[in-house]
Amino acid sequence: MYNLSTTAIRKEQAVNEFKYIITNYILPLLEHDGDIIIKYEPTKSKNIKKHIKCFHKRDGAFLYFFPALSTPQFHFRIKTNNDKQKLAIAEEILKEIVSVSKFDYRTNEFIEKYFYDKNNLYRNACFDVAFEIGLCNWLGNGCVYDLIKRLEEWSLKTYEGNHTTFGFIVDAEDTVNGEVDYISFLRSNHSAVFTDGVSSGIKLNKNGNVIEYFSVGKDVSRGKKHISWTPYEFTEFTNLCSASKIGIVLQNNGDILIFKSKRLIFVKRSGKWLFLDYHTIHSTIMSKYKSDDESVTFIERKGFADEVYLSVLDSSFSHAGGCIAIVDEKYADTVSQQCFPKDSFDNDCEINFEKKSVAKRLIFTGTKNEGKYYFQDLNRKLRLELLSLDGATVLDSSGKILCVGAIVKIDGGSDAGGRTAAAKALAKYGLSVKISMDGCIQFFASSNGNEPVELLKTL
């Protein structure tokens, strides 16, 4: 017979562990709003088939998280503004992590699985592995997990003094084609010379056998019906990653990239998997596009958000660093005069005149609309190079370029780095994005032109 106080303590510990799992591993994969809420009452439904479900309540849509599928004794919920989002990735990952949790959530007693763990070190390591296995299950499994492990081994060594890059496309449904086992061959140094991870790669079937070698050209011209949500240099590679075909790339800095459905979805950096939440970021950028012209269409607003998001991705994966801001039109003149008076395109000040004149000429020749300086109309590669300038690129809320490479005036006493301080200063007037040289992306915003500036999202 169970001691009630012991059971109550164990239940509290089980609840805290499940909250830790949801907060650290699952919520970063989903669009949500507000704080997570605990509900202790048993779920009325006895036929729960998923760990994550979306329910509609009087006050909106909520995501529910269940620790067990058989009448769980508690659950968590959080509000969401996107009741149509796909939950499959998060579902597969949560299922795997719960299976290695310390507690058995299927019973009222929350029986503790016995194993030694010091300061949760083993627990966190188990959760990290379970996350990766869940991700691979969603991708189609097969050889994907083993391939990632081989690439991690390569990320820690060199070939002839250089870190090696690799590129693969795995057909998660193909088990017929292919004869030679390439996963095994990756243990050999000879495997280092066959792909460059950008323009060439090897197609594998689900079992890791070689289907064929492939190479791609580089055609990233605008105007295509489909936009690949991926960094500039991987555009053509990404276009091959449709349906069941999964792209996996190891970069020479050790990052492992996962492509699916013609977009970059996950990046493993410094031992952690990062999810590229395109929809949340895109909708945030899109909300900042404004124009006095009533004829501006939804497609034009979306196009603006598309191009800004792609340029942020390009800057992140070029590892050059950058800062871009979108300021509300009502603040455009104020920002130009107060934050970067010497670098404003509307200021003929002789200081930095040469840099401004060259930049304006390049922009003028790079835009489709003669005489107009709109960021979304520029060649994508040119945008990346403008963002790589030391300083900030600032746009108004219609996309008009106010400056590039601007040195932003910031308040004294800032304890942040130059780019972060500049991004926070510009965020008072709209939305700003700081891209670190290590690829980290941070979004800052303020709603009223004053403090506090909030960190909206970090990638």
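Biologist: Is the crossing of H2 and H3 right-handed or left-handed?

Modeller: The crossing of H2 and H3 is right-handed. Keep in mind that we're looking at a predicted model.

Biologist: How do I read the packing of two helices in the first place?

Modeller: You describe two packed helices by the angle between their axes and the distance between those axes. Here, H2 covers residues 88-99 and H3 covers residues 121-139; they pack at an angle of about 140°, and their axes are 8 Å apart. Angles over 145 degrees would count as roughly antiparallel, so H2 and H3 are oblique to each other.

Biologist: Which residues in H2 meet H3?

Modeller: On the H2 side you'll find Ala88, Ile89, Glu92, Ile93, Glu96 and Ile97. Their partners in H3 include Phe127, Phe131, Leu135 and Trp138. Sorted by class, this contact has ten nonpolar, two polar and two charged residues.

Biologist: Now H4. What should the twelve residues of helix H4 span?

Modeller: Count 1.5 Å a residue, and residues 144-155 should span 16 Å. The end C-alpha atoms of H4 are 16 Å apart, so that agrees.

Biologist: And which residues of H4 are buried?

Modeller: Val144, Leu147, Ile148, Arg150, Leu151, Glu152 and Trp154. Take Leu151: buried means under 20% relative accessible area, and Leu151 has 0%, so it is buried.

Biologist: What is Leu151 in contact with, leaving aside its neighbours within four places in sequence?

Modeller: Phe166, Phe168, Ile248, Leu250 and Ile256. Look at Asp255 too: it is 104 residues from Leu151 along the chain, yet their C-alpha atoms are separated by 9.6 Å.

Notes:
Residues are numbered from 1 along each chain as its sequence is written. This is a predicted model: local features need pLDDT of at least 70, side-chain atom pairs count only at pLDDT 80 or more; totals for chains, interfaces and linings use all residues. Side-chain values use heavy atoms; hydrogens and water are left out. Helices (H or I, at least four residues) and strands (E, at least two) are DSSP runs, numbered from the N terminus. The expected span of a helix is 1.5 Å times one less than its number of residues. Buried means under 20% relative accessible area, exposed over 50%, partly exposed in between (1.4 Å probe, protein chains only). Axes are lines fitted to C-alpha atoms, for helices over the stretch in contact, and angles run from 0 to 180 degrees between N-to-C directions. Angles under 35 degrees count as roughly parallel, over 145 as roughly antiparallel, 65 to 115 as roughly perpendicular and the rest as oblique. A crossing is left-handed if the near helix is turned anticlockwise from the far one by less than a right angle, and right-handed if clockwise. Contact means heavy atoms within 4.5 Å. Ala, Val, Leu, Ile, Met, Phe, Trp, Tyr, Cys and Pro count as nonpolar, Asp, Glu, Lys and Arg as charged, and the others, Gly among them, as polar.
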